[in-house]
Amino acid sequence: MVVAKVFRSGNSQAVRLPKQFRLTSDEVEIFRRGDEIVLREKPGNLARAFELLADLPTIERNDPQPQEREGL
């Protein structure tokens, strides 16, 4: 387990990442997962959007059949 220092930077809180955790991008996505705080490099393309869509749960729909109508 690696430990990092937490400090204040202006009105914000910051974490000094050890060298082995250096990031290559200028921005990260941040979110909570239970009691964890996750930092993830923000991708520069639509690949992440497709990953998120693929992870959505499958929903069973019971829509009624379309109505039968006469042509115009």
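# Exercises on a predicted model

Arg48 is found in helix H1. The model is predicted, and the exercises below use values computed from it.

## Exercise 1. The order of the elements

Task: State how many helices and strands the protein has, and in which pattern they follow one another along the sequence.

Solution. Step 1: The count gives one helix and four strands. Step 2: Read along the sequence, these elements follow the pattern β-β-β-β-α. Step 3: The helix of this pattern is H1, which covers residues 47–54.

## Exercise 2. Arg48 and Asp55

Task: Decide whether Arg48 is buried or exposed, and then do likewise for Asp55.

Solution. Step 1: Buried means under 20% relative accessible area, and exposed means over 50%. Step 2: Arg48, in helix H1, has a relative accessibility of 13% and therefore counts as buried. Step 3: Asp55 lies in the segment after helix H1. Its relative accessibility is 62%, so Asp55 counts as exposed.

Step 1: The positions of both residues can also be described by distances. Arg48 and Ile30 are separated by 18 residues in sequence and, from C-alpha to C-alpha, by 14 Å in space. For Asp55 and Val28 the separation is 27 residues in sequence and 20 Å in space, again C-alpha to C-alpha.

Step 2: In the protein as a whole, buried residues make up 4% of the 72 residues.

## Exercise 3. Salt bridges

Task: Find how many salt bridges are counted, and describe the pairs of Glu27, Arg40 and Arg61.

Solution. Step 1: The criterion is a side-chain nitrogen of Lys or Arg within 4 Å of a carboxyl oxygen of Asp or Glu. By this rule there are four salt bridges.

Step 1: Glu27 forms one of them with Lys42, where the closest N and O atoms are 3.3 Å apart. Glu27 belongs to the loop between S2 and S3, and Lys42 to the loop between S4 and H1, so that the pair links distant parts of the chain, 15 residues apart. Glu27 is partly exposed at 48% relative accessible area, and Lys42 is partly exposed at 42%.

Step 2: The side chains of Arg40 and Glu29 meet in a salt bridge with an N to O distance of 2.9 Å. Because Arg40 lies in strand S4 and Glu29 in strand S3, this pair ties together parts that are eleven residues apart in sequence. Arg40 is partly exposed, with 29% relative accessible area, and Glu29 is partly exposed, with 24%.

Step 3: Arg61 forms a salt bridge with Asp63, and their closest N and O atoms are 2.5 Å apart. Arg61 is exposed at 62% relative accessible area, whereas Asp63 counts as partly exposed at 48%.

## Exercise 4. The largest pocket

Solution. Step 4: By type, the lining residues divide into eleven nonpolar, one polar and one charged.

## Exercise 5. Overall dimensions

Task: Compare the radius of gyration of the protein with that of a compact globule of 72 residues.

Solution. Step 1: A compact globule of 72 residues would have a radius of gyration near 11 Å. Step 2: The protein has 22 Å instead. Step 3: Along its principal axes, the C-alpha trace spans about 70 × 30 × 25 Å.

Definitions and conventions. Residues numbered from 1 in each chain as written. Predicted model: local features only at pLDDT ≥ 70, side-chain atom pairs only at ≥ 80, totals over all residues. Heavy atoms only, no water. Nonpolar A, V, L, I, M, F, W, Y, C, P; charged D, E, K, R; others polar. Helix = DSSP H or I, 4+ residues; strand = E, 2+ residues; numbered from the N terminus. Buried < 20%, exposed > 50% of the residue type's maximum accessible area, 1.4 Å probe, protein only. Rg over C-alpha atoms; globule rule 2.2 N^0.38 Å.
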